[in-house]
Amino acid sequence: MGFKLLEQKFIAAALLSCGAIASVASAADAANGKLDFKGRSATFRHAWLVTGPSDLEPGKTVRRIVLSSADIGATLQACKTFSCTDGEVMDGATIDFTGGPRLNYWIAMNGQKIQYSGTAKPATFTARTDDPKHLAGRIAIDDVAAGGPKLDAEFDVTLLKEFRSAR
């Protein structure tokens with residue numbers, strides 16, 4: 001009887017451990033930063049790296065950093081298409097690394113009631129790690145003079161999800 005109880009406790013502990021691992025898979029990597037736009041601001045606390053096919057250049061893969069004030073990792077993990085990842089950011093930003101001459105970025109604030117998109121020079125990103133499945137460093141975009149945002153964030157993210165479909 002004692003062995004059976006021990007076996008049940010072991011199974012329960014193993015199942016709990018698997019659940020903890022599954023929840024960590026969608027948990028955010030840490031981010032630290034701030035977004036300022038037209039008198040409003042948001043603080044970045046969470047970051048994710050996702051990849052997917054480019055809408056503009058067939059055959060090209062985009063690495064996207066998602067920065068958010070809220071933990072939306074489980075929602076991002078549940079997305080079926082790459083474009084879905086934009087729609088989940090309510091107070092934050094996405095930055096697309098395409099390997100081209102510019103970084104594409106988009107910000108959303110106040111539940112997406114305020115939005116702005118633009119491009120930045122790749123030099124606005126200072127990399128500590130720049131691998132297909134791991135991106136770490138600092139991004140500092142200042143488009144205030146052009147009517148855009150000021151975004152400054154540090155992050156260290158590993159790949160959360162690879163999307164096969166853009167839309």
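1. Strand E5 contributes the most to the lining of the largest pocket, 3 residues. Strands are DSSP runs of E, at least two residues, numbered from the N terminus. A pocket is an open set of points on a 1 Å grid over the protein atoms alone, where a 1.4 Å probe fits, with protein on both sides within 12 Å along at least five of seven lines; lining residues have an atom within 4 Å of a point.

2. This is a predicted model; local features need pLDDT of at least 70, side-chain atom pairs pLDDT 80 or more, while totals for chains, interfaces and linings use all residues. Numbering runs from 1 along each chain as its sequence is written, and side-chain values use heavy atoms, without hydrogens or water.

3. The lining of the largest pocket comprises 24 residues, with Asp 55, Leu 56, Arg 64, Asp 96 and Asn 104 nearest the centre. Elements giving two or more residues are E3 (61-68), E4 (92-97), E5 (103-109) and E6 (114-120).

4. One disulfide turns up in a search of the whole structure. The cut-off is a pair of cysteine sulfur atoms within 2.5 Å. Cys 79 and Cys 84 form the link, S to S 2.1 Å. The link is left-handed, at -60 degrees about the S-S bond.

5. Mean pLDDT (the predictor's confidence in each residue, 0 to 100) is 87 for the chain, and 83% of residues reach 70 or more. Residues 1-26 fall below 50; this stretch has 7 contacts beyond near neighbours in sequence. Contact means heavy atoms within 4.5 Å. Where pLDDT is low, predicted coordinates should not be read in detail.

Notes: Helices (H or I, at least four residues) and strands (E, at least two) are DSSP runs, numbered from the N terminus.
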